[in-house]
Amino acid sequence: MKKLLWTLPVIALTVAGCSSTTSDAAAADDSLTIVTSTQVWADIASAVAPDITVAPIVTDGDSDPHSFEPSAADMARVSEADIIVVGGGGYDSWLYDSLPEDDSRIIHALDLSEHDHEGDEADTDEHAGHDHADVDNEHVWYSTEHVASVAQDLADKIVKLDPEAQVTPEVVTEKMNELHNSIHNIPAVSYAQTETIADHLLSHSELVDATPAGYRASTLSHGEPTAADIAEFQDAIRNGDIDILINNPQSAAAVSTSLVELAEENNVPVVEIYESPQSDENFLDVFTQAVDDLTAAANQV
Ligand SMILES: [Zn+2]
Ligand SMILES: [Zn+2]
């Protein structure tokens with residue numbers, strides 16, 4: 001009898017403790033779920049909300065997110081998610097183009113446009129002089145500003161859905177501030193890119209773009225460079241007009257592979273900047289490594 005009296009208040013307290021969160025619709029299965037298009041945004045979301053389940057749709061580092069086709073099971077996970085994080089700008093439109101435009105679950109860096117590269121060239125050539133030009137390039141995860149603002153938007157959204165949730169957007173925003181400063185401090189040497197992977201990062205640096213214009217335009221539109229474009233690029237490497245070659249090893253076309261080989265033959269340092277982290281890597285480390293490698297290469301020139 002005595003024992004029962006002691007245990008009763010404990011039970012009552014426990015029940016009260018549970019019921020305080022069940023009024024929240026999102027807590028129906030006890031926790032929020034976040035679905036992201038790629039590993040990049042999953043790593044950022046996990047840094048913002050370490051206790052929340054985050055799952056990317058593209059899980060295989062070898063799959064090309066540019067041309068990914070989600071399965072019905074993938075889209076079922078999207079429809080069940082409480083929050084969806086995408087880059088936008090057409091890059092991961094395979095995830096959001098079937099969702100309502102005003103779907104309030106979506107956190108995005110760029111506009112939720114269709115996959116369309118017309119007009120991509122408009123702003124990108126203006127970035128000399130690092131005036132923080134608004135670079136129109138779908139590889140937006142190499143923009144410290146966009147990543148920081150996605151982290152903050154995501155934290156705000158999580159707290160709105162679950163006021164008790166622990167969020168740490170500062171883990172991302174402080175890292176982005178640090179990287180932004182490092183990017184501005186990279187010495188002003190010239191570079192060329194085999195693919196337009198790092199426009200957002202480069203637009204904040206003093207680095208000078210020496211990528212032949214025709215070649216650059218063709219990679220921006222996912223087209224094939226002409227023989228003349230390739231020859232111009234090869235000449236620029238041989239003539240010493242390019243101090244650093246930036247290559248995305250995950251989209252290694254025959255042309256970029258041959259340009260990397262030519263750079264190595266001519267002692268031009270090659271910096272690898274990845275499309276997506278490998279499965280055992282975290283994007284925040286990958287971004288840091290890219291900035292560190294660029295800085296080291298520029299300092300060697
Ligand atoms: Zn800047
Ligand atoms: Zn790409």
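The model is predicted: local features need pLDDT of at least 70, side-chain atom pairs count only at pLDDT 80 or more, and totals for chains, interfaces and linings use all residues. Residues are numbered from 1 along each chain as its sequence is written, chains are lettered from A and ligands numbered from 1 in the order in which they are written, and side-chain values use heavy atoms, with hydrogens and water left out. The protein has 12 helices and eight strands; these are DSSP runs numbered from the N terminus, with helices (H or I) of at least four residues and strands (E) of at least two.

**Overall fold**
- Of the 301 residues, 47% are buried, where buried means under 20% relative accessible area, computed with a 1.4 Å probe on protein chains only.
- Among contacts (heavy atoms within 4.5 Å) between residues at least 6 apart in sequence, 64% join residues at least 24 apart.

- His-66 lies in the loop between strand E2 (53-56) and helix H3 (72-80), and His-139 in the loop between helix H5 (121-124) and H6, so the pair ties together parts that are 73 residues apart in sequence.
- His-66 is buried, at 13% relative accessible area, and His-139 is also buried, at 1%.

**Helix H6**
- Helix H6 (residues 144-161) has 18 residues, which should span 26 Å at 1.5 Å a residue; this agrees with its end C-alpha atoms, 26 Å apart.
- The expected span is 1.5 Å times one less than the number of residues.
- The buried residues of H6 include Val-147, Val-150, Ala-151, Leu-154 and Ile-158.

**Largest pocket**
- On a 1 Å grid over the protein atoms alone, a pocket is an open set of points with protein on both sides within 12 Å along at least five of seven lines, whereas a cavity is a set where a 1.4 Å probe fits but cannot get out; lining residues have an atom within 4 Å of a point.
- The largest pocket holds about 350 Å³ of space.
- Its lining has 17 residues, of which Glu-195, Thr-219, Gly-223, Ser-251 and Ala-253 lie nearest the centre.

Technical notes:
Grid points are joined across faces, edges and corners, and a volume is the space filled by probe spheres set on the points. Buried means under 20% relative accessible area, exposed over 50%, partly exposed in between (1.4 Å probe, protein chains only).
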